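Please keep the sequence and the coordinates at hand while reading.

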Amino acid sequence: MIILKIVLVLLILFLLILLESDRELKKVRITEYSYESSKLKKEKLGKSFIFLSDFHEAVHGKLNERIFQMVRDSKPDFILIGGDMINGRDEDEDISPAVSLIKGLAEQAPVYMASGNHEMKVRKGLYGSPKLWDRFFGEIKDYISYIDDESVDLIDIPVRIVGLDLEYGYYKRLVDQTLDVSKIKEHIGSSDPDRINILLAHNPEYFKSYSKWGADIILSGHFHGGMIRLPILGGVISPKLTIFPKYEYGCFSEDNSKMYVTNGLGQHSVKLRLNNIPEIVLVRI
């Protein structure tokens, strides 16, 4: 009888977790940070940008209109996307929610997007046929600047936006990997000491290396905030199956670098969130 009661309590608890997760996945909030730099002259102050990542076809696009409204209210100078907008496991995947979001954002400000591990895998055929990439990229290429191991220098402010596209090995589960600065330079060259270097680097695990490369601002996602967030302890697990990962969410500092890690907008595979409401990020310079 006692065992039956314990099982019943556990089932009820599991059901409550699923219901709360479903509720959170249908919500979105905005998180705001301030960034200061001596590279920006007084007359250039007051700029801002929106950063979002890990959409994963979130709730079939039901968040899109709320995201559009938040962006309109924020009036950013530009918008940055950190990857994993699609899932990519199915060649016939419905990509319309991600495409609609990207096109809608492009109506409000210039959009710059880099790859996440899902775009990288789709493009290289690691998820099967790369035809899905051709379809996705064909839909968005006229609306955004896709920076795949490339950089863009903004004209009106001293900002360089760089997109880093790491190989599959840097995302493998249960594998400890180091990232040398020389490897980063193979991908994207050197940083610009006269500009604010904003590095779109999907995996936050290599923060120290990004900082040594010369990134002023690093924008990452990938960890989904640890899926389940516990008071004091933070996010529980990373996609590499690391328990309580170090850089799972929030703002981190290293020398002259700041890294902003978003918990993203959606989930894939295990669609679970707890104490972890999806977000977009607003950074005011």
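## The sheet that holds strands 6 and 7

Aspartate 153 has arginine 160 of strand 7 as its bridge partner, in what is a predicted model throughout. The two strands concerned, strand 6 and strand 7 (residues 159-164), are paired in the antiparallel sense, and four bridges link them.

This pair belongs to an open sheet of six strands, whose order is 6-7-8-9-13-12 and whose pairing is mixed. Strand 6 (150-153) and strand 12 (250-254) are at the edges with a single partner strand each, so one side of each has no neighbour in the sheet. On average, and with direction ignored, neighbouring strands of this sheet are turned by 20° against each other.

With strand 1 (residues 29-34), strand 14 pairs in the parallel sense over six bridges, and threonine 31 stands opposite valine 281 of strand 14. With strand 2, by contrast, strand 14 runs antiparallel and is joined by four bridges; here phenylalanine 49 is the residue that stands opposite valine 283 of strand 14.

Strand 2 is also joined to strand 3, to which it runs parallel, by four bridges, and the bridge partner of leucine 52 in strand 3 is isoleucine 81.

## Helix 2 against helix 3

How do helix 2 (residues 64-74) and helix 3 (residues 96-106) pack, and at what angle? Their axes lie 10 Å apart and the angle is about 15°, which makes helix 2 roughly parallel to helix 3, given that angles under 35 degrees count as roughly parallel. The crossing of the two helices is right-handed.

On the side of helix 2 the contact is made by Asn64, Ile67, Phe68 and Val71, and on the side of helix 3 by Pro97, Ser100, Leu101, Gly104 and Leu105. Sorted by class, this contact has six nonpolar and three polar residues, and no charged ones.

The buried residues of helix 3 are Pro97, Ala98, Val99, Leu101, Ile102, Gly104 and Leu105. Besides helix 2, these buried residues pack against strand 2 (48-52), strand 3 (78-81), strand 4 (111-113) and helix 5 (131-140).

## Histidine 222 in its loop

Is histidine 222 buried or exposed? Although histidine 222 is placed in the loop between strand 9 (217-220) and strand 10 (229-230), it is buried, because its relative accessible area is 4% and residues under 20% count as buried.

Once the neighbours within four places in sequence are left aside, the residues in contact with histidine 222 are Asp54, Asp84, Asn117, Tyr171, His202, Asn203, Pro204 and Pro239.

Key. Residues are numbered from 1 along each chain as its sequence is written. This is a predicted model: local features need pLDDT of at least 70, side-chain atom pairs count only at pLDDT 80 or more; totals for chains, interfaces and linings use all residues. Side-chain values use heavy atoms; hydrogens and water are left out. Axes are lines fitted to C-alpha atoms, for helices over the stretch in contact, and angles run from 0 to 180 degrees between N-to-C directions. Angles under 35 degrees count as roughly parallel, over 145 as roughly antiparallel, 65 to 115 as roughly perpendicular and the rest as oblique. A crossing is left-handed if the near helix is turned anticlockwise from the far one by less than a right angle, and right-handed if clockwise. Contact means heavy atoms within 4.5 Å. Ala, Val, Leu, Ile, Met, Phe, Trp, Tyr, Cys and Pro count as nonpolar, Asp, Glu, Lys and Arg as charged, and the others, Gly among them, as polar. Two strands pair if DSSP finds at least two bridges between them. Buried means under 20% relative accessible area, exposed over 50%, partly exposed in between (1.4 Å probe, protein chains only).
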